[in-house]
Amino acid sequence: MNIEKYNKVGLFFMLIATCLFITACPHIAYKAIQEDAERAKELNERKPDYSQNSSDKISLDRLELLVEDDSSEQRNNCKNLDTLNNFGASQEEPNIANIVRNSGKMRGLYDSNLDTNISNERTTDSLRGTAAYLPGNHRMDNDSVQNKTSSQLSIESNSSVNNTINKQSNETVLPWVMKINSIHTDDYPNSIELRLSVKDTAGRSIAGLAPPNFKGKGKWQDYWHLLQDSCGGVHKITDFFVEEISEKSDVQNAIAFVLDHSGSMGEGKIYLLNQALARILTALKRQDYVSVVKFAGKSFVQIPLSNDKKYYVTKFKNELKEKPDVGGGTRIYDALNVGIDELAKAPAGYKRSLILLSDGADNSNKSILDSAIKECKKHKVSIISIDFDYDNQLLRDVSVYTGGTYYKIFSIKEFPFVFRDIYYSLNNYYLVRYEPPKCAGIHRVNLNVQLPNITSINASDTIYYDKSIITQFDAAGTTAMLNIEFETGSAKLSESSREYIIQVYEVMRNNPGIKIAIHGHTDDVGAEEDNLILSKERAKSVRDVLISLGIEQNRLFTKGFGESQPLVPNDSNKNRKLNRRTEFVVLENE
């Protein structure tokens, strides 16, 4: 009887709970929809980091003419050069189709249907609820497409860019912006190379700022106002060369597209991503080598590296008809290694660029990243990262440490434009070459360009490169040798050696996950047993200085090898000096 009573009570409460759940469901669903809508709205209000007009050019002499002519009629012709904030507020929306069709080399980027609204029913359902598909918001905000230029993609987030020019009445006439796209340090300390763009605020490249097609007044050096490379002090570089590179320069590219096809992307986004890639493939130059790698739970090569344009365009377009293979987690670094292996097959002399797009974090360990960066340096591969709505610091890192560029995008409608911007930048840029100061540390490079007759019209950008003896991406086993000297037959450090030990201290302070072994080596002067003891004592002396500076003892290990591992034969004073050395070996770098 009691059991039956309890059953009835339990049933009663179950019925009440069910009713409450049914009543709450619409409210829960409504709240979820509201949150999705707010998120989509937030994404749509953010600005992309490049311009739709990136494949258009304006000559320097034309810009100077616009600046010098004060007539109101001429100013009216400058409306398309207005400030970043005002440009997006233009009443007349630019026709994207005309911009692309009139851009010469990039004309083949799009097919005849250039409407930014997507009409394909196959994608609409899976994309509904994203920024581009909110009800009543089918067109991406004009301001969000055109309001920023690629100069705002600087590695330094607080890069100083002067975008304001005042003339007589506070009217803004001609701001321009600079973006250092990449820095190449392979030939350090002999030379450093910067690749950069200078654009007006409509996103058009400014041509004629340097040889071989200089269009300015006077000397080209008058426009390149300031170059500094700061490490251990500010070093003004007075002797540097600038060259304008364009399609006419016949740049040879090898490009690997490494694209995220994980479950978080979804079929709709992947479909649009592949459509955008199909278009850019048709625009590549015939001599370019191309590979396409896709990744999710695993990576696979969809198109092996080839410069047979008919083959890779046809193959890719045929496979667009197939349903996207979506699934698994994001395995970025596995895919990077696959893409690097493809680019390693490119002929010597080709500029090797890996274009990586992902919308999430990788679940691999850091050692895979270390390996990828090491392989990039070995095969001279630059990684251009496209971070799709995730704020992935590791995507920034791989770009910085391989001399590449980092893009941040927020909308599916940016796919075709970001590909176009990247490819255009690979073939059109200013190359700056100079001899850097020798400094084992992080270098800060600042470059400024200005109109010499109007100093207020200038633009600058900043980028970093790391020449520390050990960097955060040096894998276990990496060895650095420093010219640390001791008094003859003693473990007492010379005064000049302290600056080298401080370099090691800076590395370990900035990278708390690094553990280092200090190895001592001697020449063959003296008894072998005595040299072994001396090498151990010298390694401990270096360790003790690092500990006194604040490095934890459990991150430092010492070992002496005496004269047993000479670098060169001990047959001269010069060689013996090379063999008397202290090595710093990375044990862990988490």
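**Exercise 1. Determine how many cavities of 30 Å³ or more the count gives, and what lines the largest cavity.**

Solution. The count comes to 5 cavities of 30 Å³ or more. A cavity is a set of points, on a 1 Å grid over the protein atoms alone, where a 1.4 Å probe fits but cannot get out, and its lining residues have an atom within 4 Å of a point. Grid points are joined across faces, edges and corners, and a volume is the space filled by probe spheres set on the points. The largest cavity holds about 180 Å³ of space. Its lining has 16 residues, of which Asn 181, Ser 182, Ile 384, Thr 405 and Leu 426 lie nearest the centre. At least two lining residues come from each of strand E4 (176-184), strand E12 (351-358), strand E13 (381-388) and H13.

The model is predicted: local features need pLDDT of at least 70, side-chain atom pairs count only at pLDDT 80 or more, and totals for chains, interfaces and linings use all residues. Residues are numbered from 1 along each chain as its sequence is written, and side-chain values use heavy atoms, with hydrogens and water left out.

**Exercise 2. Give the strand order of the open sheet of 4 strands, and state which helices lie across its strands.**

Solution. The order is E18-E21-E19-E20, with mixed pairing. The edge strands, each pairing on one side only, are strand E18 (479-482) and E20. Two strands pair if DSSP finds at least two bridges between them. E19 and E21 pair in the antiparallel sense over 8 bridges, and His 521 has Arg 581 in E21 as its bridge partner.

H14 lies across E18, E19, E20 and E21, at about 160° to E19. H15 lies across E19, E20 and E21, at about 160° to E20. Axes are lines fitted to C-alpha atoms, for helices over the stretch in contact (heavy atoms within 4.5 Å); angles run from 0 to 180 degrees between N-to-C directions.

Methods:
On a 1 Å grid over the protein atoms alone, a cavity is a set of points where a 1.4 Å probe fits but cannot get out, and a pocket is an open set with protein on both sides within 12 Å along at least five of seven lines; lining residues have an atom within 4 Å of a point.
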